[in-house]
Amino acid sequence: MKNVFKSIGFARGLPSKLVELSQQASRYSDQLYQFGQVTDKEFVILAESVSSIQTCIQNTIGQTQKLGESLDGCSEENAFRSAFEIGKRAIELVHSSSGVEFALSNQFELIDSLVSECETIKSEFDHNQVIFRSLATGFAIESARCDEEAQAVFRTVVSDFHRIDESIAKTLDSGFSELQAVLKEMDDIRRAWDAEFNGSENTVERQLESIREEIHRIETILTPCVADCSDIKNTLEEIELAISPIIICLQNQDIVRQKLEHIANALNEIERIASPACKGKPRKQRLSELFAHSSVQGRQLDYAVDLLAETGEQAFSSIADAQAKSDAVAQRLGALQDTLFHQFGTSSIAFAFGQQIEELSRITEFSGRVHQQLAQIDQRIVKVVQVYNREISSRQQDIRLIALNAQVAASRLEEGGALERLAQETSVVSEANQRTSKKLSSALENALEQLRSTRESSVAHVEVLNKDRQELFESSQDIDARLQHHISGTISETRALLDASNRNASTIQDLPQRLSFPQRLQTEFTPIRETLREINAISLKLVGKRELPQEVQASLNEHRERYTMQTERALHDQTFAQISNASGFTSFN
Amino acid sequence: MKKVLVVDDFASVRIYHSNLIRHMGYVAIEAADGDAASKILSSTDIDLVLLDLYMPNKDGRSVIETLGQGSRRKPPVIVITSESERFGSNQLSTLPVQSVISKPVRPAALKEAIMLAIGNN
């Protein structure tokens with residue numbers, strides 16, 4: 001009994017306390033609304049910081065990809081491609097310059113061959129001259145058997161024979177002496193050309209080797225740079241993924257804000273039902289409502305506070321970590337750019353390649369002079385042979401006339417048979433010389449035709465070579481300028497990224513000062529949590545329970561982390577039902 | 001007369017090779033890129049191909065791959081390239097061709113390679 005009265009006396013103070021607490025709770029609701037709005041603004045700052053880091057990372061990924069492509073030999077965007085092509089074109093030019101040497105060698109060989117053929121033909125003439133001289137001797141011997149008159153005639157014939165023989169011999173000797181002189185001159189030209197070409201060839205081959213080595217050196221430098229870019233890009237993509245806790249924190253803030261509003265509504269509801277629940281006769285149902293509200297919302301508040309504290313800490317940690325890593329990567333990219341600038345920023349790769357084949361201009365220029373000299377030699381040979389042929393033709397006419405006269409004189413003699421035969425032989429020699437002359441003319445014509453054709457082709461080739469070499473020089477400077485511009489451009493872009501990253505770093509350093517919600521979570525929410533706990537405890541007592549029934553405890557704890565509007569409502573109803581159906585309620589008047 | 005197809009995108013190289021081939025007594029046919037070479041190979045019986053590797057519009061490797069397609073016979077190929085085997089470029093020695101020569105190559109050496117491929121004319 002005493003206990004009943006004691007409990008009744010204890011219970012009489014609780015309703016008013018409950019009402020007082022519920023009123024206090026209602027005043028906290030504004031605080032909860034405002035907290036949500038203020039944290040909204042603070043989280044906007046956080047979101048903007050995240051956004052700027054993401055933007056920086058994205059830009060750095062893009063820049064790294066672009067840089068990697070500009071260095072990658074397999075990529076269409078390779079900035080060094082044109083420079084390498086110049087090097088390869090230089091090799092092609094040197095290779096095709098061998099064609100100049102080849103064409104000139106052919107011309108030398110043709111002239112050699114012509115002179116050699118002329119000498120062969122000369123030996124035919126010489127052979128004919130031997131026959132001619134023996135015919136003259138024959139005439140002298142046979143005519144000695146004739147009478148004085150016939151002897152006089154044939155003495156003239158023999159004399160003419162000697163005169164013509166001397167003339168032909170002189171023509172042959174002077175002509176072929178001239179040819180020998182021409183041949184000697186051609187040999188001098190050939191030796192000078194060989195010295196020039198072979199001397200240049202060693203230089204050119206050395207320079208080609210330099211071009212190949214330089215190309216290899218550049219490729220050796222670029223290959224690890226490409227790998228570095230790929231690695232940097234992968235690292236950045238990993239950093240980007242690691243930002244997800246911050247995104248989750250931002251989402252949780254929104255969840256918490258909604259929950260706080262909901263809790264604020266619940267606090268107002270608590271105040272609304274507390275007073276009628278405790279006026280006059282405390283009503284079990286209303287007290288059960290109060291208990292259910294304070295239980296569920298108390299746990300909601302605990303959960304919200306814990307969630308925000310935990311994810312806020314993760315967000316700060318992640319954002320600082322992401323920024324530090326992003327900064328380190330940006331520095332790495334900057335170091336890579338510096339390497340590229342140091343190696344290639346002011347170099348003239350394409351121009352150096354073009355310069356390496358400077359020797360070619362000497363070869364083509366010299367070959368031009370050789371072509372002219374050979375053309376002059378052709379003309380001299382033509383002149384010599386033409387003069388020679390003219391002389392020989394003229395002498396053959398004389399011989400034919402002499403042969404005719406001798407034939408006539410011999411036919412008048414009774415014993416002139418031998419002399420007639422000699423005269424016929426003389427005609428044969430004359431015809432043989434004519435044929436040999438024609439052979440010489442024909443050989444000359446063929447050789448000149450081939451020489452002209454070879455020379456034209458060679459001159460055309462040299463013109464193409466000169467044109468290509470000139471184009472190569474002109475484009476090489478432009479290509480180097482473009483490469484340097486590209487490297488400078490990528491450096492500027494990387495520096496801009498570094499600056500952006502530095503700005504982010506200083507913004508993020510200020511974040512903890514600018515975001516006050518971690519401290520406010522404790523200072524503002526602790527009294528509200530305490531109030532709700534008190535309301536919960538008092539309302540539990542007023543429904544006649546000293547402690548929370550186990551099934552209620554279990555339900556409340558089970559759903560702590562998975563509160564949605566629906567589950568919260570269901571939990572509220574469940575708690576209400578469990579408490580209101582529990583026994584032990586005492587009604588007070 | 002045997003026909004030799006000269007494939008190179010560099011005009012002066014084509015002139016050099018063609019002059020040499022004509023001097024050897026063969027017929028020289030020129031193509032400035034892989035596409036032109038393939039067209040000629042599909043319409044004409046060619047006895048030897050002198051082929052550059054790196055060209056625009058279908059490179060030398062693509063030409064090698066399409067050789068012998070259709071009813072045309074597959075001629076021997078001599079690759080003459082500005083790449084250097086010394087620097088390990090693109091595994092030149094593994095190409096399915098008669099021979100691979102790095103530029104620059106002297107006329108005598110080129111003549112020898114051609115004669116080995118298709119003999120005297």
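A nonpolar core is a set of buried Ala, Val, Leu, Ile, Met, Phe, Trp, Tyr and Cys residues joined through side-chain atoms within 4.5 Å. In this predicted model, the largest nonpolar core has 162 residues. Among them, Phe139(A) and Ile381(A) touch the most other members. Helix 3 of chain A, residues 148-242, gives the most to this core, contributing 29 residues.

Ile381(A) shows what such a position looks like. Once its neighbours within four places in sequence are set aside, Ile381(A) is in contact with Ile111(A), Leu114(A), Val115(A), Leu179(A), Val182(A) and Leu444(A). A separate core of 20 residues lies apart from the largest one.

The layout of chain A comes next. Chain A has 11 helices and zero strands, and its pattern along the sequence reads α-α-α-α-α-α-α-α-α-α-α. Of the 589 residues in chain A, 48% are buried. Among the contacts in chain A with a separation of 6 or more, 91% are between residues 24 or more positions apart.

One pair of residues illustrates a link across the sequence. Ala192(A) is found in helix 3 of chain A. Ala192(A) and Phe366(A) are 174 residues apart along the chain, and their C-alpha atoms are separated by 9.6 Å. Ala192(A) has a relative accessible area of 34%; because buried means under 20% and exposed means over 50%, Ala192(A) counts as partly exposed.

The packing of helices can be followed through helix 8 of chain A, which spans residues 417-514. Two packed helices are described by the angle between their axes and the distance between the axes. Helix 2 of chain A, residues 81-143, packs with helix 8 of chain A at an angle of about 170°, and their axes are 9 Å apart. Helix 2 and helix 8 of chain A are therefore roughly antiparallel to each other. The residues of this contact of helix 2 with helix 8 of chain A divide into 31 nonpolar, 20 polar and 11 charged.

Helix 5 of chain A, residues 284-345, also meets helix 8 of chain A: their axes come within 9 Å and cross at roughly 160°. That angle makes helix 5 of chain A roughly antiparallel to helix 8 of chain A. The crossing of helix 5 past helix 8 of chain A is left-handed. By class, the contact of helix 5 with helix 8 of chain A has 16 nonpolar, 12 polar and three charged residues.

Terms used: Residues numbered from 1 in each chain as written. Chains lettered and ligands numbered in written order. Predicted model: local features only at pLDDT ≥ 70, side-chain atom pairs only at ≥ 80, totals over all residues. Heavy atoms only, no water. Axes fitted to C-alpha atoms, helices over the stretch in contact; angles between N-to-C directions. Helix = DSSP H or I, 4+ residues; strand = E, 2+ residues; numbered from the N terminus. Parallel < 35°, antiparallel > 145°, perpendicular 65-115°, else oblique. Left-handed = near helix turned anticlockwise from the far one by under 90°. Nonpolar A, V, L, I, M, F, W, Y, C, P; charged D, E, K, R; others polar. Buried < 20%, exposed > 50% of the residue type's maximum accessible area, 1.4 Å probe, protein only. Contact = heavy atoms within 4.5 Å.
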